[in-house]
Amino acid sequence: MRTPGTGRVTDCGSPTGISNFCFLYSWINSEFMAEESNEKFWQFVETVRELAVYKQTASDYSYYNLILKKAGQFLDNIHINLLKFAFSIRAHSPTIQMFQQVAAAEPPPDRCNAFVVIHRERTCKTNEIKKLLNKAASRPRPYLFEKDHKFPTVNENLPVVILYAEIGTREFAEFHRVLSKKSKNGKIAYVLRHYIKKPSSRKMLLSGYGVELAIKDTEYKALDDIQIKTTTDATTEKETEADEVQGFLFGKLKEIYSDLKDNLTIFQKYLIESSKEMTPLKVWELQDLSFQAASQIVSTPVYDAIKLMKDISQNFPIKARSLTRIAVNELMRKEIQENQKDLRDRFDIKPGDARLFINGLLVDMDVYDPFSILDMLKSEGKLMSGLKNLGFNDEDMSKFLKLNLPVWSYDYVLDIRHPSIVWVNDLENDGAYVNWPKSCWEFLKPVLHGTVPSIRRNFHNLVLFIDPAQEYTLDFISLAEFFYYNEIPLRIGFVFILSVDNEVDGAADAGAALWRAFNYIEESYDVSEAFISMIHMYQKVKGGVLTVDNVKSVLQNKAPHTDILDILGTGSKYDKRRAAGTSFYKMTGLDSLPQALYNGEPIDLTEMSTEELKGAVLEKMLDAFTYLQRDVFMGTLNDEINAIDFLMDKNNVVPRLNSLILHTEPQYLNLISSSVTAEIEDFSTFSFLDSQDKSSVIAQSMHYLTAEDDVVSAVTVWIVADFDMPSGRKLLSNALKHMETSVHTRLGIIYNPTLKINEENTVISRGILAAFLTHKNSLLRRFLRELAKEETAEAIYSGEKIKTFLNMEMDKNAFEKKYNTVGVNIFRTHQLFCQDVLKLQPGKVGIVSNGKFLGPLHEEFYVEDFHLIEKTTFSNSVEKIKDIVENMEINSKHLSDLVMKIDALVSSLPVRSSQPITLLREDH
């Protein structure tokens with residue numbers, strides 16, 4: 001690329017452009033690594049921590065090559081080339097300059113090439129760090145930037161030590177040795193920022209084309225004619241290096257007629273000079289100009305074709321006249337015209353339009369710049385490298401590159417077919433709506449703008465979660481009253497969040513009183529009358545909160561001859577299923593109360609008044625009406641279909657809305673193996689592997705519970721827990737319940753022991769492992785279900801032999817032999833994986849689904865959560881990946897592993913929408 005104010009090409013890969021920039025090579029390289037992963041950044045830092053000594057004896061160009069060689073330890077060839085590209089466009093210079101400015105604002109201590117800041121205190125001596133740490137907690141914590149480089153640590157609630165230093169110097173190496181050790185020991189949070197004490201005074205040359213505007217100056221100047229002549233001769237000599245000028249191949253002519261070389265050179269110079277006179281071309285000469293340019297490029301040897309294309313593109317006005325003398329290849333013309341027609345018909349690319357596609361991804365040149373293109377190339381490079389490492393050839397790889405994966409969506413809705421919801425009206429069965437039409441075809445009849453047709457079908461459903469003793473409940477009751485009395489075609493349901501205390505007294509607790517009164521009136525009259533009575537109770541509320549007296553005053557009118565305490569008291573027979581609503585609310589995964597759902601979709605109630613909520617519900621009804629019209633018109637909805645089942649059987653309906661699964665960006669594991677291998681029992685070797693290789697070893701050694709043999713499982717779930725603890729056994733129990741109905745999932749186990757790892761503390765875990773190693777399918781599932789029971793664990797820890805819990809069909813000898821010889825090294829390996837890769841402390845719980853890690857889990861993970869994970873994973877990308885893999889000639893034993901690894905790779909990258917461009921003919 002040309003640099004401003006110069007006429008020369010500057011590239012950090014060539015000696016001409018190094019002087020201003022290449023002292024930053026290690027910094028730029030480290031920032032490139034940081035974008036790959038934080039782990040690779042620190043691995044690279046360790047590799048080059050004292051590399052600056054070579055700069056004193058080697059040239060900048062040699063140092064540049066040395067840095068690339070060091071980077072090659074962590075990057076493949078694709079990313080090495082992209083690293084060179086990043087060098088050339090100074091992609092990470094702004095980040096480095098930001099760190100330099102932050103360091104200047106500290107300010108740095110005098111005469112310090114490197115220094116640390118510990119909660120506003122500074123020093124450039126390593127022996128003073130301990131002293132500054134003593135009272136660090138009493139000083140304010142520093143603000144950390146997104147681009148800061150944090151040394152890997154599990155606990156971040158530690159004193160923060162920020163090191164400002166130049167990577168590769170002796171000062172950096174000394175500080176890094178001390179700080180990394182303290183960080184590994186859990187004493188500090190270590191942060192690194194780039195800093196150089198004396199930056200170069202030379203200006204940074206940025207990428208881009210430089211343009212100089214030369215205005216004629218009439219003043220006379222004394223110039224050195226010799227210097228001008230030398231410059232002119234050099235320019236002319238460079239121009240005469242061109243092999244072809246106006247149709248003459250001077251390189252070939254000079255070889256044939258070597259004795260006329262001087263005359264040919266003079267003639268060549270004449271033609272060059274004359275070609276610069278851009279004589280206007282005739283109209284007929286312009287007709288085939290593009291075909292003639294293409295003909296010349298195609299006829300050029302491959303290694304010179306791009307160079308010639310660049311030359312013609314950048315100097316087209318000068319080259320145009322010589323191109324008019326080129327004879328057009330008629331076969332090529334026909335092929336181009338056919339391709340133009342095909343591209344116009346299929347992709348709306350008209351003749352003369354320019355498009356840039358990278359692996360089928362359209363690059364909008366009005367939006368993209370070199371930096372965003374670099375990001376795209378890195379993402380595509382990671383995808384292609386991963387697929388190649390999995391053993392795919394170019395043909396198979398292209399199938400995955402053509403995948404159009406859906407954008408991650410958060411529009412999941414809750415299944416409202418739950419018995420805990422108390423429906424106070426039913427459009428399909430209540431007598432109040434008997435005169436309404438019942439046919440779905442009513443949706444296609446014209447209605448007034450902004451209205452919803454009144455049809456006797458439950459297509460619109462509102463669910464309100466209420467705690468009767470809270471102020472907001474009055475607004476919710478008023479809302480329901482409005483819809484009910486105005487006969488809006490809306491089914492209304494309530495979920496009552498009440499005390500779960502078995503001995504709660506309705507005479508003292510307003511919530512329990514309302515529930516018991518509601519049940520009494522419903523049983524004595526009907527649910528509509530119970531709802532109307534509830535409205536009357538809240539109409540008597542003064543002060544915003546329902547009281548027991550409000551309930552009693554209405555109940556006395558409904559039960560004048562009944563003892564109120566018999567209805568509201570502790571032993572009331574109208575207290576059935578009081579805890580069901582609270583249990584359902586906890587299971588739904590919804591945020592704090594109040595909550596409202598329209599057809600299962602949560603309504604955002606933030607700062608919303610009752611009137612605004614009315615408008616929001618009516619607007620959602622209008623939107624739903626539009627979709628229902630379309631479904632009726634398309635024939636997917638008719639009078640024979642149950643309305644609720646039609647709404648709730650859609651792919652986006654789930655039994656639980658877990659924000660951890662739906663709204664949290666997971667940690668992606670790289671499960672693709674490098675050349676490094678290790679046995680799962682070899683703890684010492686495993687401890688030296690990086691995160692990718694640790695993850696790969698775990699994946700390769702994993703044993704699974706599946707529904708049956710030789711079935712491709714599209715979703716692979718690992719549950720991470722200490723199964724010798726109740727929380728781990730509860731997680732296992734819920735996972736097993738999910739496996740009973742799942743058709744897509746296989747289950748693996750990651751052990752994360754809490755206590756010291758020995759045979760006494762891993763009794764249940766060793767039983768689980770031995771079962772996985774000796775049994776499968778239904779036998780394995782039944783035994784695991786037994787081990788997940790708390791009574792089983794209590795019996796085993798009380799001295800009962802684990803073999804007494806084996807099923808009759810199980811191979812007892814094989815299990816007992818494996819149980820007694822399995823050892824504990826696997827548990828040490830798994831615990832280290834949890835600590836180093838998943839960043840989980842011992843005993844903490846997590847979930848890995850197709851390489852996507854969620855955790856630590858701070859609340860119970862329900863059976864419905866496993867269903868949600870399966871649904872979101874399978875519907876996003878796995879279904880398409882599975883279809884491709886199943887059609888390949890691959891051993892079925894490894895198909896499930898392959899689907900898991902490909903999905904982990906694809907999901908970690910930005911969402912891509914590929915539009916493969918193929919040409920009708922490619923003969924030329």
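## Strand pairing around E14

Two strands count as paired if DSSP finds at least two bridges between them. In this predicted model, strand E12 (residues 461-466) and E14 run antiparallel and are joined by four bridges. E14 and E15 form a hairpin with two residues between them. In that turn, Asn599 has a positive phi of about 50°.

In a regular strand the side chains alternate between the two faces of the sheet. Strand E14 (residues 595-598) is covered on both faces. Gln595 and Leu597 lie on one side, Ala596 and Tyr598 on the other, and all of them are buried.

## A nonpolar surface patch

Trp441, Leu444, Phe633 and Met634 make a nonpolar surface patch of about 500 Å². Leu444 sits in the loop between strand E11 (422-423) and E12. Its relative accessibility is 38%, so Leu444 counts as partly exposed, because that class covers values between 20% and 50%.

Lys445 is partly exposed, with a relative accessible area of 45%, and the side chain of Lys445 forms a salt bridge with that of Glu442 at 3.1 Å, N to O. Cys440, by contrast, is buried, with a relative accessible area of 1%.

## Salt bridges

Side chains of opposite charge can pair when their charged atoms come close. With a cut-off of 4 Å between a side-chain nitrogen of Lys or Arg and a carboxyl oxygen of Asp or Glu, the count comes to 34 salt bridges. One of them joins Arg122 to Glu106, with the closest N and O atoms 3.5 Å apart. This pair links distant parts of the chain, 16 residues apart: Arg122 is in strand E2 (residues 121-123), and Glu106 is in the loop between helix H5 (93-104) and strand E1 (115-118). Arg122 is partly exposed at 33% relative accessibility, whereas Glu106 is buried at 17%.

Arg656 and Asp865 also meet through their side chains in a salt bridge, at 2.4 Å from N to O. The pair links distant parts of the chain, with 209 residues separating the partners. Arg656 lies in the loop between strand E16 (653-654) and helix H26 (659-662), and Asp865 lies in helix H35 (residues 863-886). Both Arg656 and Asp865 are buried. Elsewhere, a network of salt bridges links Asp415, Arg417, Asp645 and Asp649.

## Cysteines

A disulfide is a covalent bond between the sulfur atoms of two cysteines. A search of the whole structure finds one disulfide. This bond joins Cys112 to Cys124, with an S to S distance of 2.1 Å. The two cysteines are 12 residues apart and link distant parts of the chain. Cys112 is in the loop between H5 and E1, and Cys124 is in the loop between E2 and helix H6 (129-134).

The two partners fall into separate accessibility classes: Cys112 is buried at 1% relative accessibility, while Cys124 is partly exposed at 31%. Another cysteine, Cys834, is buried, with a relative accessible area of 0%.

Conventions. Residues are numbered from 1 along each chain as its sequence is written. This is a predicted model: local features need pLDDT of at least 70, side-chain atom pairs count only at pLDDT 80 or more; totals for chains, interfaces and linings use all residues. Side-chain values use heavy atoms; hydrogens and water are left out. Buried means under 20% relative accessible area, exposed over 50%, partly exposed in between (1.4 Å probe, protein chains only). Patches are made of residues with over 30% relative accessible area and no salt bridge: like charges are joined within 9 Å, nonpolar side chains (Val, Leu, Ile, Met, Phe, Trp, Tyr) within 5 Å. Accessible areas come from the Shrake-Rupley method with a 1.4 Å probe; for residues, only the protein chains shown count as cover. A disulfide is a pair of cysteine sulfur atoms within 2.5 Å.
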